[in-house]
Amino acid sequence: MNLQINSQSYQVNSDGDTPLLWIIRDELGLTGTKYGCGLAQCGACSVLVDGEVVRSCVTPLDSVVGRQITTIEAIENDPVGKRVVTAWVKHQVPQCGYCQSGQVVAATALLKETPNPSDEEIAAAMINLCRCGTYNSIKAAVKDLSSKEGETL
Ligand code: FES
Ligand code: FES
């Protein structure tokens, strides 16, 4: 089957029920997307599919054929994703970093859909787990972005 990932076309010969994460990491070598729980619980494996955040560890391949998949490697090609990364650096969000590609992907999806989210909307969207407890920095970075819609940080 054919997958569109980061604006490139990939031919993949795997069963349709293979989790997308397995292909992204093990076959295509896009290792910025992380394996955490494998159970749709932590969000480390988050990617965008047609602009919506999905947990790739439980997303079967056959559900994403013909759709646009974006991983952390290409997130800065999106203007919103680029601003998110800039804010993450400004606020020094990452600690160990393991969860952060998923956090950046989740923030990008939120801000593309809702450029000026309320605290409640941020809390509802930013639900990926972080063992290092960077939640306050994540919230500060997202709020910084939401108050500066369209501006360069
Ligand atoms: S690895 Fe997918 S949600 Fe944890
Ligand atoms: S920065 Fe370490 S798990 Fe989130």
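A crossing of two helices is left-handed if the near helix is turned anticlockwise from the far one by less than a right angle, and right-handed if clockwise. By that rule, helix 2 and helix 5 of this predicted model cross in the right-handed sense. Helices here are DSSP runs of H or I with at least four residues, strands are runs of E with at least two, and both are numbered from the N terminus.

The model is predicted, with pLDDT of at least 70 needed for local features and 80 or more for side-chain atom pairs, while totals for chains, interfaces and linings use all residues. Residues are numbered from 1 along each chain as its sequence is written, chains are lettered from A and ligands numbered from 1 in the order in which they are written, and side-chain values use heavy atoms, without hydrogens and water.

**Domains**

An automatic or database assignment sets the domain bounds. The protein chain is assigned domain 1 (2–74) and domain 2 (75–146). Their centres, taken over C-alpha atoms, are separated by 20 Å. Domain 1 gives 20 residues to the contact and domain 2 gives 15 residues, where contact means heavy atoms within 4.5 Å.

Five strands form an open sheet in the order 2-1-5-3-4, with mixed pairing; two strands pair if DSSP finds at least two bridges between them. Strand 2 (8–11) and strand 4 (52–55) are at the edges with a single partner strand each, so one side of each has no neighbour in the sheet. From one strand to the next the twist averages 40°. Axes are lines fitted to C-alpha atoms, for helices over the stretch in contact, and angles between N-to-C directions run from 0 to 180 degrees.

Strand 1 (residues 2–5) pairs with strand 2 in the antiparallel sense over 4 bridges. Leu 3 has Tyr 10 of strand 2 as its bridge partner, and Ile 5 stands opposite Gln 8. The hairpin of these strands has 2 residues between them, and Asn 6 takes a positive phi near 50°.

| Helix | Strands touched | Angle |
|---|---|---|
| Helix 1 (residues 20–27) | strand 1, strand 3 (46–49), strand 5 (68–70) | about 75° with strand 1 |
| Helix 3 (residues 100–113) | strand 3, strand 4 | about 35° with strand 3 |

**Helix 2 and helix 5**

Helix 2 (residues 79–90) packs against helix 5 (residues 135–146) at about 130°, with the axes 9 Å apart. The two helices are therefore oblique to each other; angles under 35 degrees count as roughly parallel, over 145 as roughly antiparallel, 65 to 115 as roughly perpendicular and the rest as oblique. Residues of helix 2 in this contact include Val 84 and Trp 88, and those of helix 5 include Ile 138 and Leu 145.
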